[in-house]
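Colleague: I am new to this structure and would like to go through it with you slowly. Could you show it first and then take my questions in turn?

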Amino acid sequence: MFAEREGMLYFTRRGETVRIFAQGTDGLRVQATMESSFAQRDWALDGAPVRPAFCEIGEDGARIENGRMAAEIDRLGKIRLYADGKCVLEEYYRCYEYDMPHTPSLRVVAREFSPVRGGDYVLTLRFEPREEKLFGMGQYQQACLDLKGCTLELAQRNSQASVPFLISSLGYGFLWNNPAVGRATFAKNVTEWRAESAKQLDYWVTAGTPKEVMEHYTALSGRAPEFPENALGLWQCKLRYRTQEEVLEVAREYHRRGIPLDVIVIDFFHWTRQGEWKFDRKYWPDPAAMVRELASYGTRCMISVWPTVDKKSENFAEMRDKGLLIRPERGSQCFDFLGDSYLYDATNPEARRYLWEKCRANYYKCGIDMFWLDEAEPEYSAYEFDNYRYFLGTDLQVGNLYPVLHARAFYEGQRAAGQTDICNLIRCAWAGSQKYGAVLWSGDIQGNFASLRDQFAAGLNVGLAGIPWWTTDIGGFYVNVREKSYRELLLRWFEWATFCPVLRMHGDKEPCDEAPLDEREWGGGFCHTGLPNELWSFGEDVCAVLKSYVDLRVKMKPYLKEVMREASENGSPVMRAMFYEFPEDEACWAADDQYMFGPKYLVAPVLWEGMTRRNVYLPAGRWRDLNSGEVLAGGQTVTADAPVEVIPVYERL
């Protein structure tokens, strides 16, 4: 029943094999299968060696320890996990074997393998509920910072990034190490993890403070590289710049106005067809010259790359014949937006090499060294997860892994080309995406204050899931700029974004109805363009305020560089929930509308329309109001003035 082999603790009963072993600092990994052997898949924990561990085996149970983390398993297979000697996770059983006279007929067990056609299992893991707060899990469009009481889909969608790592107020971190589509439920009566199609259970647990947990986790899953200093300032983007001259004129205007612009982005349908990954030379006659002029202003150029391959594109037949595309089980196309398109298969190494080579020849050789990996979930016309087959398995089995491997295609290609300052924008992520130079952004979101509150929670939880580089479409993607309240929303959003990892303008500000109809709908090429979205597009009074925050961002670059370096060295997020810096302060575990920007600045954005004052909790210590210069004692809640052009920020002294 119990055995120790090669430093691992094994348990077998009724066809199930469980193994528990030490991995990482103060970490234990638990795997279970009904198969004859364990699959050799490490997923987010690739390349991490098994560590020596203390094992003790008795007649009725066994115990394994790795530093501050321990696990016990009894003769019936129930697992309990201990952090610093305290039981933090206990498997959930409701059956006669566990002497529960009030519920013996339920027969609900902790590890449930329900066979499905094809040989896999619907896999369920259950734990007893605990009084705790839970954070992380990636990016969901909801205003909940504390995820206790939430149920979350483990699947990738436009504006949703499932990253199944969490931090608990009880002093542990937990990784669901499975890329299958599923669900996580953190209910009052049970905690439940579910995978719709998997062959084995796999999770990892570590102990410590939030900062220690993050360091332990990212030591195994990977850390972000050093962020390039020349991308720490303003990024300019809109729905679509139609021509080379339009991009250059925007950059020239920024230069004339003395507004530093680090990055300008060329969005979708600059290409001939989806899946050809090259400029339409009718509208972009000399990309290399464009890049050189942008560089003279101190501006880098980023290009949008979609994973879609139109059936009419020049590459479709070759990619189909070589097996480089995701295959629908039913129907023909995977994505239908101005073309019947398939999607390239990022889980196939040959497909990754193929895509990078096209982008290297058509973009990188022109001097473009930043890539916007849009549609990276990937986005389907219908999210029918049982309808798509990848190189590594079905979408149900491995679908959540797609954005990691898509980012890897470009990161490895750029590294091989000799580039070191890699920083690519992507619309989705999973555990480990951070190590491939990925800046996650929150997708095509609505432009309103409710959405702003959603992004606030999403940004903090993304960082606590191990992904420190993150941004949003300032002001929202879908928005009516003619609404009277929009200027207030834009100002509040931009002020907050100044204290986000990346400061980036973007959005579909509606088609330009001042243009002729044919140009409004299609512009240059074959897609609409949207209204102007530059700092001066919303009035000179608004522009003056926005420019002042760009200037502040530029002044903060030395500090930002240090905070980014910390993310590279120990995995700390750039935006930090209050408890990350003050784990002993209970009030900081409850603070859900303010945060730390690195270790030094407390940021309290205005997230509600019409608000001009707000309460701010200052932890113990001394704090300087960045707006008034007043020095305040910590350990109190203060009321901060916040007229529309001001965001309350306090410097930790």
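Modeller: Before your questions, one term: a polar contact is a pair of N or O atoms within 3.5 Å, where within protein one must be able to donate a hydrogen and the other to accept it, and residues adjacent in sequence count only if both atoms are side-chain atoms. What you see is a predicted model, in which local features need pLDDT of at least 70 and side-chain atom pairs count only at pLDDT 80 or more, while totals for chains, interfaces and linings use all residues. Residues are numbered from 1 along each chain as its sequence is written, and side-chain values use heavy atoms, with hydrogens and water left out.

Colleague: Which residue has its backbone oxygen 2.9 Å from a polar atom of the side chain of Ser 451?

Modeller: Ser 451 sits in helix α8, which covers residues 449-464; helices here are DSSP runs of H or I with at least four residues, strands are runs of E with at least two, and both are numbered from the N terminus. Leaving aside residues up to four places away in sequence, Ser 451 touches Ile 445, Gln 446 and Trp 493, where contact means heavy atoms within 4.5 Å. The backbone oxygen at 2.9 Å from the polar side-chain atom of Ser 451 is that of Gln 446.

Colleague: Is Ser 451 buried or exposed?

Modeller: Buried means under 20% relative accessible area, exposed means over 50%, and partly exposed lies in between, using a 1.4 Å probe and protein chains only. Ser 451 has a relative accessible area of 6%, and therefore counts as buried.

Colleague: What separates Glu 253 and Arg 257 in helix α2?

Modeller: Glu 253 forms a salt bridge with Arg 257, with the closest N and O atoms 2.8 Å apart. Glu 253 is buried at 18% relative accessible area, whereas Arg 257 is partly exposed at 28%. Because the two are four residues apart in helix α2 (residues 244-257), what separates them is about one helical turn.

Colleague: How many disulfides does a search of the whole structure find?

Modeller: A disulfide is a covalent bond between the sulfur atoms of two cysteines, and here it is taken as a pair of cysteine sulfur atoms within 2.5 Å. The sulfur of Cys 87 is 17 Å from the closest cysteine sulfur, in Cys 95, and that is too far for a bond; Cys 423 is in no disulfide either, since the nearest cysteine sulfur, that of Cys 301, is 14 Å away. For the whole structure, the number found is zero.

Colleague: What is the radius of gyration of the protein?

Modeller: The protein has 14 helices and 41 strands. The radius of gyration is taken over C-alpha atoms, and the globule rule is 2.2 Å times the number of residues to the power 0.38. For 653 residues that rule gives 26 Å, and the protein comes close to it, so it is as compact as a globular protein of that length, with a radius of gyration of 25 Å.

Key:
Salt bridge = Lys/Arg side-chain N within 4 Å of Asp/Glu carboxyl O.
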